[in-house]
Amino acid sequence: MSTATRPFARTVRRAVLSGAAAMTATLALAGPASAHAEVEADKAQALATDVTLVFVSEAESDSAGFTELRVVLPEGIAPADVTFDDAPQGWKLTAADDGYTVGGPALKPGVDAEHSIKVTQLPNAKELAFKTVETYSDGKISRWIELPSGGKEPEQPAPVLKLKAAAPGAASLAPSPTESAPPSPTASATESTGATTGSKSDAATAQDDQNGSTGVLIGSVIAGLALLGGGVWVLVRRRSASARD
């Protein structure tokens, strides 16, 4: 290499190294922002049974660790269909009305939170979204709950599990006998019949009482008229006798 080209080569090498350093710094700063939550399944197929779902929440804090994950179950999976499988040491699962919470002692900063659950059966759908809210030991909260809208990818997307079509002949599991048993029609019919009979008896009794009361009233009136008539007759006879005398 000639003496004239050496300064130029050193300049190019410095520019490349500076650019690489700048890119590394940029990626390091962008690291936390690229963190996200994911879900995978051992049987990602509609109507599959006894499915294990694995959730991974990537750490996005260098100073605090995960303490809790709140997962909202998609339509077609009830909290009763979920059982605890695995989580960081000391973490426990607590069912909620629309999903569950898994949490415990804070993880070390920068450590991803991974847990798994077992689902009785997946619904007949093309994909399932599991909205997830992450809580850190310093109180920071990350919400991975957004769904695609208008063809745009959300900034904090909810974990989505894509499913294959259901296997031929696959069907939804039948509900348990206690859930499927309808109210006893015999008891309802008996209660209804009893209520109807009681109503008729009460009506008849009321009618009889009314008729009896009416009869007593008429009898009293007739007796009164009879006594009045007798008194008038006696008075007339006395006046007639006095006139003859």
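Student: In β9, which residue is the bridge partner of Arg70?

Tutor: The bridge partner of Arg70 in β9 is Val133. The model is predicted: local features need pLDDT of at least 70, side-chain atom pairs count only at pLDDT 80 or more, and totals for chains, interfaces and linings use all residues. Residues are numbered from 1 along each chain as its sequence is written, and side-chain values use heavy atoms, with hydrogens and water left out.

Student: How many bridges join β3 to β9?

Tutor: Strands are DSSP runs (E, at least two residues), numbered from the N terminus, and two of them pair if DSSP finds at least two bridges between them. Here β3 (residues 66-72) and β9 (residues 131-136) run antiparallel and are joined by 6 bridges.

Student: What is the strand order of the open sheet of 5 strands?

Tutor: The order is β5-β6-β3-β9-β10, and the pairing is antiparallel. At its edges lie β5 (92-95) and β10 (141-144), each of which pairs on one side only. On average, neighbouring strands of this sheet are turned by 15° against each other, direction ignored; the axes are lines fitted to C-alpha atoms, with angles from 0 to 180 degrees between N-to-C directions.

Student: In what order do the 4 strands of the other open sheet stand?

Tutor: They follow the order β1-β2-β7-β4, with antiparallel pairing. The edge strands β1 (37-41) and β4 (82-86) each have a single partner strand, so one side of each lacks a neighbour in the sheet. In this sheet, neighbouring strands are turned by 25° against each other on average, direction ignored.

Student: Over how many bridges do β1 and β2 pair?

Tutor: β1 and β2 (residues 49-57) pair over 5 bridges in the antiparallel sense. Within β2, Leu53 is the bridge partner of Ala41.
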